[in-house]
Amino acid sequence: MAITTTIVPTAGPVAGSRSFLSRLREGDEIARMITFLFAASVVLVTVLLVFELWQGSVLARHKFGFNFFHTSVWDPIFEQFGALPFIYGTLVTAAVALLIAVPLGIGAAIFLAELAPARVSDTLEFFIDLLAAVPSVIYGVLGVFIIVPLMRQYVHPALKHSLGFLPLFQGPAYGVGFLTAGIVLAIMVIPYIISVSREVLLSVPRDQREAALSLGATRWESTWKVVVPFARAGIFGSIFLALARALGETMAVTMVIGNTPTISASLLSPGYSIAAVIANEFTEATGELHTQSLIELGLVLFILTFLLNGFARLLIVATSKRGSGARA
Amino acid sequence: MSLRLRWRKFVSGFMLTMTGVCALVAVSVLFLILGYLAIHGGASVNWNFFTKLPVPVGETGGGMANAILGSAKMLLLATLFGVPIGFFGAIYLAEFSGSTTAFFVRYAADLLNGVPSIVIGIFAYSLVVHPFRQYSTLAGGFALGLMMIPITLRSTEEFLRGVPNPLREAAMALGASKWKTIATVIVPAAYRGILTAILLAFARVAGETAPLLFTALGNQFWSPGWTHPTASLPVMIYTYALAPYDDWHRQAWAAGLVLLVLILVINIVARAILSRGIAVPRS
């Protein structure tokens with residue numbers, strides 16, 4: 001992951017002043033054209049993807065309009081499709097995931113960037129990168145066989161016993177549900193938060209820390225009141241990146257959320273998410289309108305992640321620039 | 001030492017310790033995952049697992065040979081489709097393009113990189129599966145290849161840009177044409193990085209399940225050919241883990257272990273190549 005986050009700027013192509021014909025004879029123009037075709041195909045494929053999602057959901061969009069987003073009847077037999085339970089489930093699980101992952105991830109990133117010696121930090125970062133490479137279906141397997149039984153036997157009863165008066169923790173303990181999905185998602189996105197936050201924290205100029213320490217700040221005060229605020233935008237970027245991952249995550253969530261389209265205030269209740277309903281119903285969609293509604297859900301997911309990713313990148317680039325600019 | 005200072009020092013020490021605990025928790029997850037997979041799946045990874053077909057429910061034994069072959073076929077297709085586009089596209093970006101074109105290509109690649117994998121599945125379905133009315137190995141390979149493009153493209157471009165300009169100038173000064181400079185000087189200079197990028201892209205899509213659900217579908221038998229549905233390791237893990245049979249759960253653990261070890265080994269090798277820990281013979 002570390003590889004894709006930084007861009008090393010160097011001077012552009014060496015300017016040639018030779019004529020077009022001589023460049024053609026030497027094959028340069030041909031090489032240019034061929035590589036251009038490959039580069040252009042990336043744009044083409046992306047445009048095609050957006051087009052297919054838009055075109056593939058045209059019937060559903062016209063039939064349901066905005067009702068699609070705030071009605072909760074999902075009935076393939078009577079061809080009524082309202083996506084509210086899925087949208088709700090997606091947002092709730094992502095929120096739970098961030099509530100757990102953000103403090104843990106940022107804490108770990110602070111340790112890696114500020115406290116750990118370079119060698120320890122690099123070794124741990126290596127493990128974190130490996131963790132980010134674990135496929136989501138594996139998290140799903142661990143979720144199904146390890147986390148769900150744990151939740152059913154210990155965590156859900158304990159939560160109901162101690163906090164059962166809150167609407168958040170009521171109802172029977174199935175083991176599957178919003179909370180379980182959120183926890184699995186949290187484990188999955190923590191590596192992203194750590195990697196990116198660590199990098200932005202490392203880009204904070206050294207003199208910021210030294211200035212704070214020389215004014216008598218403790219190590220933690222210099223970190224929390226000077227370094228972290230300096231890198232704030234980038235850290236938020238890492239959180240948005242994690243949020244985008246969490247919203248689009250399919251397999252692990254499908255395996256532990258319970259796949260029941262309910263809207264319930266209780267985190268212990270089983271639910272459903274956008275990605276999960278696509279995964280479960282797409283191959284078995286009965287009618288054209290059913291398929292189209294699922295594609296529209298895909299479109300929603302695409303737009304959400306597109307906006308979040310764009311925003312995240314903006315923040316991360318802005319912070320790294322600020323850091324390196326101040327250092328120079 | 002005043003009370004206030006003592007308090008501040010205590011807070012400092014406490015919070016810094018907590019950050020260490022956070023890091024420890026995060027890293028230990030990796031070892032927990034590996035440990036659980038090894039305990040539950042280790043015993044079931046045997047010769048049969050790699051050579052036998054799945055057996056019907058009720059019989060014990062059998063393996064996932066068809067899924068392993070299916071995954072291999074789709075990854076081959078994905079590499080043949082995704083890597084050339086990423087690689088040559090990156091050469092265009094790093095060596096030929098003006099800034100406007102480069103902006104659009106990079107933007108498209110970043111967009112593609114952020115698309116949730118299930119949406120990639122929908123796209124491959126409507127582009128390859130739907131028109132031919134046939135789930136196929138090809139469609140699965142296409143979906144995975146699509147996911148390899150942005151990773152290969154962006155990292156390769158970065159490594160090409162990392163090649164110092166004097167190398168380019170020296171080659172040109174000796175009279176080499178531009179494409180010759182690229183082919184004989186620039187790409188060889190950046191080849192470790194490019195190899196790493198390709199391996200990481202490969203490892204990333206090797207475990208992808210969501211895009212295969214409605215492209216390659218699944219298959220309990222050998223796939224009859226490229227244009228037919230095929231089993232794959234990730235999808236097999238998914239279906240076996242959710243099935244109500246103990247023997248299938250055992251197999252799911254085993255398949256998970258095999259898949260994870262494969263992916264982690266590729267990742268480690270890729271990083272070792274980059275940090276020059278491993279000598280790669282160059283022709």
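Reader: Domain bounds come from an automatic or database domain assignment. What distance separates the centres of domain 1 of chain B and domain 2 of chain B?

Author: The model discussed here is predicted. In chain B, the assignment places domain 1 at 3–43 and domain 2 at 50–274. Taken over C-alpha atoms, the centres of domain 1 of chain B and domain 2 of chain B are separated by 33 Å.

Reader: How many residues does domain 2 of chain B bring to the contact with domain 1 of chain B?

Author: On the side of domain 1 of chain B, the contact takes five residues. These divide into two nonpolar, three polar and no charged. From domain 2 of chain B, the number of residues in the contact is five.

Reader: What share of the residues of chain B scores at least 70 in pLDDT?

Author: For the model, the scores are ipTM 0.92 and pTM 0.90. The average pLDDT of chain B is 91. The share of chain B residues that score at least 70 is 98%.

Reader: In which helix of chain A is confidence lowest?

Author: Chain A has a mean pLDDT of 88, with 92% of its residues at 70 or more. Within chain A, confidence is highest in helix α6 (residues 84–115), at 95. At the other end, with a mean of 44, stands the helix of lowest confidence in chain A, α1 (residues 2–5).

Reader: Over which residues of chain A does pLDDT stay under 50, and how many contacts beyond four places in sequence does the model have for them?

Author: The stretch with pLDDT under 50 is residues 1–15 of chain A. Where pLDDT is low, the predicted coordinates should not be read in detail. For residues 1–15 of chain A, the number of contacts beyond four places in sequence in the model is 25.

Reader: Which helix of chain A gives the largest share of the side that touches chain B?

Author: The contact between the chains takes 76 residues from chain A and 83 residues from chain B. By class, the side of chain A that touches chain B holds 51 nonpolar, 18 polar and seven charged residues. Its largest share, 17 residues, is given by a helix spanning residues 28–56 of chain A, namely α3.

Reader: At roughly what angle do the axes of α10(A) and α11(A) cross?

Author: Helix α10 (residues 206–214) and helix α11 (residues 219–230) of chain A have axes that come within 9 Å, and their crossing is right-handed. The residues in contact are A:Q208, A:R209, A:A212 and A:L213 of α10(A) with A:E221, A:S222, A:V226, A:V227 and A:F230 of α11(A). Five of these are nonpolar, two polar and two charged. The axes of α10(A) and α11(A) cross at roughly 145 degrees.

Reader: How are α3(B) and α9(B) oriented to each other?

Author: The axes of helix α3 (residues 65–96) and helix α9 (residues 191–206) of chain B come within 11 Å and cross at roughly 135 degrees. This crossing is right-handed. The contact joins B:L75, B:A78, B:T79, B:G82 and B:V83 of α3(B) to B:I198, B:A201, B:F202, B:V205 and B:A206 of α9(B), with eight nonpolar, two polar and no charged residues. Because angles from 65 to 115 count as roughly perpendicular and those over 145 as roughly antiparallel, α3(B) and α9(B) are oblique.

Methods:
Residues numbered from 1 in each chain as written. Chains lettered and ligands numbered in written order. Predicted model: local features only at pLDDT ≥ 70, side-chain atom pairs only at ≥ 80, totals over all residues. Axes fitted to C-alpha atoms, helices over the stretch in contact; angles between N-to-C directions. Helix = DSSP H or I, 4+ residues; strand = E, 2+ residues; numbered from the N terminus. Left-handed = near helix turned anticlockwise from the far one by under 90°. Contact = placed C-beta atoms within 7 Å. Nonpolar A, V, L, I, M, F, W, Y, C, P; charged D, E, K, R; others polar. Parallel < 35°, antiparallel > 145°, perpendicular 65-115°, else oblique. pLDDT = per-residue confidence, 0-100.
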